[in-house]
Every structure is written in structure tokens, then in C-alpha cells.
Amino acid sequence: MRLLCALGEIYGAKRLIPVKSCHVSGVSYKTIGDMGLEFLRQMVEEGASFTVKTTVNPCGIDLEDWEKIGFPREFAKKQLEIVDCFRAMGVSRSYSCTPYLIGNRPRPGEHVAWSESSAITFANSILGARTNREGGPSALASAIIGKTPYYGLHIAENREPTHMVSVKCKVENDLKVSLLGYAVGRKLGQAIPYIGKVRLTQDLLKALAASMASSSSISMFYAEGSYEAKKIGEKKLKKLEKLEVDDHTLRKTFEELSIQQEASTICLGCPHLSLNELKQICKVAAGHRGERRLLCFTSYQTFLKAEKTGLVRKIQKIGGTIVKDTCMVVSPLTEIGVDSIETNSCKASYYAPLLSGVKVKLNSLEDIFS
Ligand code: F3S
């Protein structure tokens, strides 16, 4: 409560408001280390438990198959202690950055307290939910107290678009969408952009949200056809400051983020793969014969659905592995023998070198397997 009140004072909130759900980041031993584990242990010892629906971000290992995949025993031991702490506070197996695909999907207008920038941005922009960009500790505090300070994106007036982004080039595949998000974030830093004239599927909006939030502090955007975009009139749109993105911008962004050489491992699923994306992988990778290691990251829930529909078997048949509960950024990649990856995610391309020292080659899903 002290933490939430202090935040409220800093941001000028007059009161706390109840939240419908929380999503907590800072779960991998790789990112929170012994200090984080100690903090969580202390919480549990003092009897903390979550009072609202709460999901958590990916941890550092596949909770079932960590040994088979090769995660180091010492690391796994610490990670399992962290998982025990979250379990003690009331979290079920929801280690994913796509809570909205696994049962934590707020309705329009609902106030939530989420951390994980990609999920926050998706929730605000596509679902019409209201959350500030919480950090792990403040989302954890909200999960315990059931409230959050009322400021920022919880207030309707603060959710107005600030910039009109005109996209002057084709964004015909997953990589282009990810580059677009990263470039817009990089150019604007802090804003609420309206992405004009580009209609995207839910999976591509997920990619757009992740890359935009990774290069900026943007926590909300408007996209054609989204719940929030429908409320904005033409007159308002005309008055917005303009930003143009063209092929040149995307090429420059690509050059900044991607190596030119071949990468030894294909990593997909930043953000975590949806069932539909797993299907797509099976389709485009049908000719893959395990020439390179293929790791597909997703949530446990999506894995279960994929198992039922035969997708897990298909991925295994082409030499791939579905890795659950963790991701290519917060798992100790180099310790499972990965030194370079090929992926379609600009967010991974930004963070994986920073956190693991691996090299990243960017490519669209289709071109990775062509
Ligand atoms: Fe999710 Fe990990 Fe990417 S948390 S958005 S897969 S960095």
C-alpha cells in the first residue's frame, strides 16, 4: 500500500481505484536474480496473496522440459523457487507475455494494472482496457491490494491521440509490421500515435505493440478498426501532428537491428506465439528438416491447445521444439547452446543482444524458411 501511495503522490493521483486484473513482470531468475527472489520470499513469508485475477510474465525455463532442453540445473533450481513464491501468492501456470490470449483479457473500459510493455500496449490500444505502464513491483503491489493510483492512461482525457502516422510503404509481412512499430517508437519516444490506413490481424497488432513499446515509452496507439480508434472523429485526426514512415525508414531500422550473417538457431515467439501463428509456422516450415535448430516459444495454455490439434507433433516432425513458460529474451539462451538467432521480432532483436549477448538476424517468417 505504501508503494502504491508513493507512486500516486509522484504522479498527482488523488485516489486509488479498484482493478479487475493484474499482470506481473520480473519473473525470470535471469532478470531479477537473488535480490528479486529474496524480495518475493519475504512477501510470501509475510503472508502476501493476490486478491485479483493475476497472470505473470515468462519465467526463465520450460517448467516441464527444462532438463531435456538443456537449461542449467543451478539456474532451474532458483527459477523453481521463484515459481513457488508466485504459486504461494495465488498464481496458476500463466507464464506468458500474452495474458490476453490465455484468459486474462480485460473488457473495454476496465481498469487493470499490468506490467510488460507489449501486453500493456496491446491492452490499452486493442482491447480498450486502461492501464499505466507498471513496473514489476507496482503490478505486484496492485495484485495484492487490488487497486492502482488513478492517473495517466486510466483517465479518458489522457488517452487522446497525439500524432498521425502515415505509412507510405507496404507493410505486407510480420517483419515489416515489427519494423514499423519499432521505427514509430524510436521517432516519437513518448506519444499516442494513430497508425493510419493499415489494417492488421490480431497477431500482427501484437507484434506492432511489442516492437513499438520496446523502442519507446509508448503504452498506447490507435490502429484502424480498433475499439479505441472507432471513437475518434475525422476532425480530430486532421489536427494531429504528422509523422511519415516510408521504405527508407524501415530499411534503416532493419540495418540498425539485424546482422547480415547467417544465424545458427531460428527463434520464434516474441511476443509468445498464438495458436494461429503456430499453424502458420507449420505451413511455411513444412519443408524444414531440422537443418537448423528451431525453437518456438509460447504459453503453456497455447501449448495444450496445440497438442490437442496435432500442431506440437507437426513442429516436432520438422525438427522443432516448442518451449513453454519462457522466452528467447528472459531465458539463458547461451547456456542452452544458442549463440545467434534468426527471428521476425524487433523487440527480441533489441533485447537479446543486451541480455544474452547473442547476435540477431531479422527476417520475415516466410523468408526464414524459404
Ligand atoms: Fe514476451 Fe519475452 Fe518478447 S516477454 S514480448 S517474448 S521479450
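Which residues is M328 in contact with, leaving aside its neighbours within four places in sequence? I looked this up first, taking contact as heavy atoms within 4.5 Å. My list for M328 reads C267, L268, G269, C270, F297, L333, I341, T343 and A348.

A note on what I am looking at: this is a predicted model, where local features need pLDDT of at least 70, side-chain atom pairs count only at pLDDT 80 or more, and totals for chains, interfaces and linings use all residues. Residues are numbered from 1 along each chain as its sequence is written, and side-chain values use heavy atoms, leaving out hydrogens and water.

Next I looked up the nonpolar cores (buried Ala, Val, Leu, Ile, Met, Phe, Trp, Tyr and Cys residues joined through side-chain atoms within 4.5 Å; buried means under 20% relative accessible area, exposed over 50%, partly exposed in between, with a 1.4 Å probe and protein chains only). The largest one has 48 residues, and M328 is among those with the most contacts inside it, along with F50, I61, F86, Y95, L140 and I341. Helix α4 gives the largest share, six residues. (Helices are DSSP runs of H or I, at least four residues, and strands are runs of E, at least two, numbered from the N terminus.) Because domain 1 (2-156) and domain 3 (258-368) both give residues to this core, it lies between them; the domain bounds come from an automatic or database assignment.

Last, I checked L257, which lies in helix α10 (residues 247-257). Its relative accessibility is 10%, so L257 counts as buried. Not counting residues up to four places away in sequence, L257 touches Y182, C346, S349, Y350, V360 and L362.
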